[in-house]
Amino acid sequence: RHNSLTLAADELNVSQVAVSRQVRVLEDYMGVTLFRRLNRGLELTREGDLLYKGVAKAFQDIEDATKHVSRRGQRNILAIQSYVTFSQGWLMPRLNKFHSAHPRIEIRLSSAAEAADFDTDNLDAAIRGGEGNWPGLHAEKLADMELVPVCSPSFLAANPLRQISDLSKVRLLFSMARPRDWLRWLDSVNAGFTPGNRLLFENSSLAYDGALMDLGVAIANRHFVQRRLKLGTLVAPFEQGCGTGESYYLTWPKGTPPSPPLLKFLDWIRSEISEVDDQPSTGDTTL
């Protein structure tokens, strides 16, 4: 695959000499030359190329069979990848209800900022944000992205925010993963100022924690702070929300039939979404 003894040795974590010795042992055993030794490296002979193609397919078949047996053979395991903020703000507060309904299904929840690679990551499904049009993936819409400023009650008491322009006098908490969210919201309400006093966090979840600790005002996805708003640990000083045109989706490959645990998870999460959508709005800023 590499046409390089050095690269092969690095990947196998052995010496170049050891790899070269094993190549010669294989050539002696088979009675053919597998590589041409060139000044710039190695090149497969015709026999070497035939062997490589056959062996590569065999190893891929072994890997695929191993994945199938190790996870999909255990029908009660559900592996899901999600963003940290979505996991903490939307999914985890609801997982106890799923576990109560399906106690025999073991959920393996992992987090990553980048899109899931279903060919290598051994996943059943993944949470992804966007417009829902990813080639090769089913996309079940979970929640729209709606932005709203939030802070702690004690911060609001110390820094009264009576009108939008008052936000220019306090520290705004930014997520480096979503750096334009504050700008989108300020533009949607015609704020007329550019944030100057800023504190940046790696992700939105840390920005929300910063708001809880009186560090400033965070811009939040309303769905992810709903529980904290209802509990009163966070407050929304302004009613105006701002849609981003994006949503969160549960995704899985089109070419792979959903496992029984994933089908149960889909039914459950659809009912959760329906329950949230059916709740009446009161017009309260803590919704």
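**Reading the surface and a hairpin**

Modeller: Start with charge. E114, D117, D119 and D121 gather in a patch of negative charge on the surface. Keep in mind that this is a predicted model.

Colleague: Where is E114 found?

Modeller: E114 sits in the loop between β4 (106–111) and β5 (125–130).

Colleague: Is E114 buried or exposed?

Modeller: The cut-off for exposed is over 50% relative accessible area. E114 has 56%, so E114 is exposed.

Colleague: Now the nonpolar side. Which residues make a nonpolar surface patch?

Modeller: L26, Y29 and M30 make one of about 360 Å². M30 lies in helix α2 (residues 16–30).

Colleague: Why does M30 count as partly exposed?

Modeller: Partly exposed covers the range between the buried limit, under 20%, and the exposed limit, over 50%. M30 has 40% relative accessibility, so M30 counts as partly exposed.

Colleague: And L50, where is its place?

Modeller: L50 belongs to helix α3 (residues 46–72). Its relative accessibility is 53%, so L50 counts as exposed. L50 and L34 are 16 residues apart in sequence. From C-alpha to C-alpha, L50 and L34 are 9.5 Å apart in space.

Colleague: How many residues are between β1 and β2?

Modeller: There are 2 residues between β1 and β2, and the two strands form a hairpin.

Notes:
Residues numbered from 1 in each chain as written. Predicted model: local features only at pLDDT ≥ 70, side-chain atom pairs only at ≥ 80, totals over all residues. Heavy atoms only, no water. Pairing = 2+ DSSP bridges. Helix = DSSP H or I, 4+ residues; strand = E, 2+ residues; numbered from the N terminus. Patch = residues over 30% accessible without salt bridge, like charges linked within 9 Å, V, L, I, M, F, W, Y side chains within 5 Å. Areas by Shrake-Rupley, 256 points an atom, 1.4 Å probe, with all protein chains shown as cover. Salt bridge = Lys/Arg side-chain N within 4 Å of Asp/Glu carboxyl O. Lys, Arg positive; Asp, Glu negative; His and termini not counted. Charge placed at Lys NZ, Arg CZ, Asp CG, Glu CD. Buried < 20%, exposed > 50% of the residue type's maximum accessible area, 1.4 Å probe, protein only.
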